[in-house]
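Please read the following alongside the sequence and the coordinates.

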Amino acid sequence: MEEENASLLEKKSPLTNLFTSSNIKDETIAIIGGTGKTGKWCVKGCIQRGAKVKVLCRNPDKLKRIYATLWKAGENKMLTYDKVVTSGQLKIIKGNLPIGKKGEKVDGKNYTIAASDKQMDSLKQLVNGKTYVMSFLGMDPKNHAPICRPGIEAIMKAVQKSEGKQKPKIMIMSSIVLLDSYAQGKAAWGCCGCIGSFMRWKFLRLVFDDMEAAEQYAIENRSTMGLDVCLLRATVLGDKSNYYLDYTTTEPKYYIVKSDELNRVKMNIDRQHVVQCFLDAISDNKQTNNKNFSNCEWSLFDL
């Protein structure tokens with residue numbers, strides 16, 4: 001099975017086999033969206049690989065409740081919530097990001113959703129002294145309110161103003177079917193692209209517009225702001241029942257492709273596998289001095 005997987009990785013992406021899932025104990029990582037469906041797994045993965053973590057959280061008690069659900073029985077005896085908080089490996093910064101109004105359209109020419117001084121202060125406290133900032137902001141399918149565009153702008157401004165000469169690298173979870181990955185999304189999400197087109201332009205148009213505006217802001221401003229921003233675009237996110245990925249594993253559960261790759265795409269990816277890619281990208285950059293995850297856009301699919 002291992003030989004078969006290695007063969008698949010080689011065929012699907014020349015980059016994936018560069019990864020080594022080592023510990024990242026000398027990294028300090030800030031997480032936004034750490035109580036969300038995907039971001040919560042990043043909290044586990046960072047802790048399991050030994051990184052020091054800070055999480056922006058409106059309600060710290062919520063993170064404590066969620067943390068206990070991330071491990072199968074008996075898996076985290078040495079990494080319980082109380083232990084990692086007491087040791088300083090996990091810290092909570094109380095705060096939140098700016099959010100638009102219900103159903104509000106994202107208009108780049110007349111954009112007025114800005115972070116408050118209090119929100120910016122919390123963000124600066126979160127990102128100061130970190131080596132990476134990871135954003136798992138998602139869509140709001142219920143209210144269709146802008147989340148990603150105002151959030152990414154606030155994050156990038158906070159990192160730009162952070163202390164120290166070396167600014168933390170920013171890694172953002174986004175989605176395929178945006179900007180130059182539109183054709184890829186249509187190919188991955190349905191026969192003749194009908195499902196992808198319906199999702200993008202009809203049913204969830206406002207939330208995809210919000211994510212696309214966030215991508216545009218990041219791409220257009222990362223160089224002028226002196227920041228390193230990587231966009232990792234996931235296909236449709238899923239969760240397997242009673243599945244707990246061991247983030248110390250050396251076997252990638254995903255593969256990555258450029259946005260113009262259409263022949264190897266798939267409908268789904270597990271949220272835990274998205275997080276594995278985020279963490280492997282850190283190891284990849286650190287161990288090989290690789291530039292594949294520097295000011296870039298990659299698309300993620302399940303192996």
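Val 177 sits in the loop that runs between strand E5 (169–175) and helix H7 (182–189); helices (H or I, at least four residues) and strands (E, at least two) are DSSP runs, numbered from the N terminus. The model is predicted: local features need pLDDT of at least 70 and side-chain atom pairs count only at pLDDT 80 or more, while totals for chains, interfaces and linings use all residues. Residues are numbered from 1 along each chain as its sequence is written, and side-chain values use heavy atoms, with hydrogens and water left out.

Most residues other than glycine have a negative phi. Val 177, however, has a positive phi, near 80 degrees. Val 177 is buried, at a relative accessible area of 1% (buried is under 20%, exposed over 50%, partly exposed in between; 1.4 Å probe, protein chains only). Asn 242 also has a positive phi, near 55 degrees, and belongs to the loop between strand E7 (236–238) and strand E8 (254–257). Asn 242 is exposed, with a relative accessible area of 69%.

The largest nonpolar core has 44 residues, of which Ile 29, Ile 31, Met 134, Met 171 and Leu 232 touch the most other members. Such a core is a set of buried Ala, Val, Leu, Ile, Met, Phe, Trp, Tyr and Cys residues joined through side-chain atoms within 4.5 Å. Helix H10 (residues 271–288) supplies the largest share of this core, 7 residues. Beyond its neighbours within four places in sequence, Leu 232 is in contact (heavy atoms within 4.5 Å) with residues including Met 171, Cys 277, Phe 278 and Trp 298. A second, separate core of 41 residues includes Val 133, Ile 152, Ala 158 and Val 265.
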